[in-house]
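Subject: Structure handover and notes

Dear colleague,

I am passing on the structure below, and would be grateful if you could look through it alongside the notes that follow.

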Amino acid sequence: NHDPWPRHFSDENIKLLNNARHIHCAGYLHFPYMYSPEMAELFRAAKKRSQTTSLDPQFPLLPIQGSWMDPLRETLPNTDILLVDETEACQIAQENDLHKAGKKLLAAGAATVAVKQGAQGSLLFTNSSNYFQPALHVPENEIVESIGAGDAFDTGLIYGFLKGWEWPLSLRFATAAAASTLHGSGGTLSLAGADGLAARPVARARHA
């Protein structure tokens, strides 16, 4: 019920973002009226400043003209991590097969593509390796709600990325973060701290 970010970035906005180590944008496809070249330019300028970037576009809440890829096309070449669920991956890439979708999103410019599959785990694609990460099982009677689990996964993966971890370790940490949110509402009430997440018994990622 409000604009998620400014339609036009002020000098103050830009100054704040310039001082960040990493820029993450979430929910971009939710709001077609927010689409503008400014997001692509923000990511382009960030890469010139050696900042890292990540994008979780999610899905349109309103009908859009053209394909889901169109609003993302200029931003993806400056995106270090693209985070999508399996439906979003297939819709954006216009592919039914997740591996083909992942490769197509890499070809569109994203350096790394992470595909969230809920209880089925996750896939991660780079130009040199692919990984499958099993989910951490949470008994159904312990699940309060799943809202925010995908965002927690994003947070965990970005945290590991910024720590300089290898992808398999970042994937396990992100998986633990997503699972921990299921025990509370809103995605943050039960989110465990870094030490608690690192200690969770998550299966190792394997090459896919």
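Throughout these notes, contact means heavy atoms within 4.5 Å. The model is a predicted one, in which local features need pLDDT of at least 70 and side-chain atom pairs count only at pLDDT 80 or more, while totals for chains, interfaces and linings use all residues. Residues are numbered from 1 along each chain as its sequence is written, and side-chain values use heavy atoms, with hydrogens and water left out.

I begin with T175, which lies in helix α6 (residues 167-181); helices here are DSSP runs of H or I with at least four residues, strands are runs of E with at least two, and both are numbered from the N terminus. Because its relative accessibility is 7%, T175 counts as buried (under 20% relative accessible area, with exposed being over 50% and partly exposed in between, for a 1.4 Å probe and protein chains only). Neighbours within four places in sequence aside, T175 is in contact with S122, Q133, P134, A135, L136, F153 and V202.

Helix α6 also packs with helix α5 (residues 149-163), their axes coming within 7 Å and crossing at roughly 150° (axes are lines fitted to C-alpha atoms, for helices over the stretch in contact, and angles run from 0 to 180 degrees between N-to-C directions). The two helices are therefore roughly antiparallel, a label for angles over 145 degrees, whereas under 35 is roughly parallel, 65 to 115 roughly perpendicular and the rest oblique. Among the residues making this contact are F153 and G156 of α5 and W167 and T175 of α6.

A second pair consists of helix α3 (residues 86-93) and helix α4 (residues 98-107), which pack at an angle of about 60° with their axes 9 Å apart, and which are therefore oblique to each other. Here E86, A89, C90, I92 and A93 of α3 meet L98, A101, K104 and L105 of α4.
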